Amino acid sequence: MKNKRTGRRQICIILLFSVLLCSGCGQKTGNGIPEAPSGIKDVSQAASSPSPQTPVPTVSPAPASGSADAAVAEPNADAPFDGSTVCIVKSNKELASEITAEEIEDMVRSVTPDLDTIVRNGQTVVLKPNLVQMKVDSTGDLLDREVNGITTDWRVANAIVKRVRELNPDGKVYIMEGSASGPTSQVMEYYHYTPEYIKGVDDFISLEEDCGEWQDFDAPEVIKVDLPEGLLHQTYYFNRILYEADVLISIPCLKTSSGVVVTAGIKNVSLGTPPGNLYGAAPDNPSKVKMVSHKIVDGELDQWIYDYYCAKPIDYVIVDGLQGFQSGPVPMSQERKETDKMNMGVILGGSDAVAVDNICALCVGWDPQSVGYLNLFRENKGLGYLENIRVKGTFVDDLRKYFTIKRPELGGVQITDDQGPALSAEIISQDDSRLELSCQTDQDAYKLELYVDDYFNSSSLAEQDNTITLDISSFTSGSHTLRVIMYDRFLNRTEQGLELVIN
């Protein structure tokens, strides 16, 4: 039996739709839920086959206090969700290399519907891509400049800068990185992180060059941050611009890595931004291998990742999953820099970095509960539980691929289940104002979602026997579609559609 958290058996749901909640997640039609076949009143089915690109639905803010007493309205927008949202959009191109800059801009816009609640005019915004290196270690051969799966494609960063500048035309925008090998400035130039390619950036900051002299912990360019509750250390150093920025956006690649398992939004900042002049291996080597133990089994790397995030949380994560790369974080050989590309064709986004990293783990086929640093967030902060995360757009089980890691003995559990839980739903009673919906499932069920006329209504933990009470008093006469989606804890799903007729 798959573990899940205890939930209520009886679920009362009041529709809280409002015509004011129509801000889109990039697309204005639908919410990513496939329509039931025409003329079918009760259809039970396993998860549908993946579509080339599922529209990303509208995004609604969390419900305000007392909203349960709001007037009931006709379902014409998503209901509020009191949790974190991760948006996923998948290209319909067959190959990642075919995705154009224009499409990337559309994809970025689709996964950042609420960025205007984070970025405001006049702010200082720091963007942190993943530019780990530009060569294959074993051969010295250069990596591809675009869609290599290992480094953040400059076109993704460019699309984000454009999006930020729409909201913040007068503030400061910086792109900041500390590469693992070679001068970061050279790595940036190679990957087109320059004013000629990415306009609207005030400065491209190389962390080993812009944080003071070697081992100068009192340099004005850095700041010492105390973290009394730190698990590994109680003091950490940051680049001052990064730490004092109003908004920090992480732009990682979708990759797997031994021990850490998934390398996404949080690791990108926690290991990529510590000042190279303070934490690097040598004055001419910015590698962070001496910064913290990389043995994995001692847990120190996970603790560092957790602590550094707690000292400076990330405000938004936009994941470059155009290519995706397994057995990273860098290629093992010239041959494997091609064969370990995963051709994912996706971009993910969200304002909760822990939620985004959990969904990234599921997308690449690894159990988030086997990821050390994600467990630290669950245990210490109560973050990352799937019942508190809603995925909008492409379903995780429609795009999941099973990435390998170099050394699986260092940790991580690969997902082996690919079937959704059992589901049998039926309307058991109905009058002019309410109906009761029974949803039977099995022990693998983790959470359920209800949609009405393709708009999100609610999400809750699942029991084997669930009864949903739905207020239909303001529904118009005619036919309405109810859709129940039952998930296991890996977000494998089963769906069932029901027709509701209002006389």
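What covers the buried residues of α2? The points below come to this after the overall picture.

1. This is a predicted model, in which local features need pLDDT of at least 70 and side-chain atom pairs count only at pLDDT 80 or more, while totals for chains, interfaces and linings use all residues. Residues are numbered from 1 along each chain as its sequence is written, and side-chain values use heavy atoms, with hydrogens and water left out.

2. The protein chain has 11 helices and 21 strands, taken as DSSP runs (H or I of at least four residues for helices, E of at least two for strands) and numbered from the N terminus. Of its 503 residues, 58% are buried, that is, under 20% relative accessible area with a 1.4 Å probe, protein chains only.

3. The largest nonpolar core, with 83 residues, has I88, I266, W304, L348, I359 and Y373 as the members with the most contacts inside it; such a core is a set of buried Ala, Val, Leu, Ile, Met, Phe, Trp, Tyr and Cys residues joined through side-chain atoms within 4.5 Å. Helix α9 (residues 353-363) supplies nine residues, the largest share of this core. Apart from it lies another core, of 45 residues, including I99 and F204.

4. Helix α2 (residues 154-167) is mostly covered, with 12 of its 14 residues buried, among them W154, R155 and L167. The cover of these buried residues includes α1 (101-110), β4 (124-129), β5 (172-177), β9 (247-251), β12 (316-328) and β13 (346-350), where contact means heavy atoms within 4.5 Å.

Note on methods:
Buried < 20%, exposed > 50% of the residue type's maximum accessible area, 1.4 Å probe, protein only.
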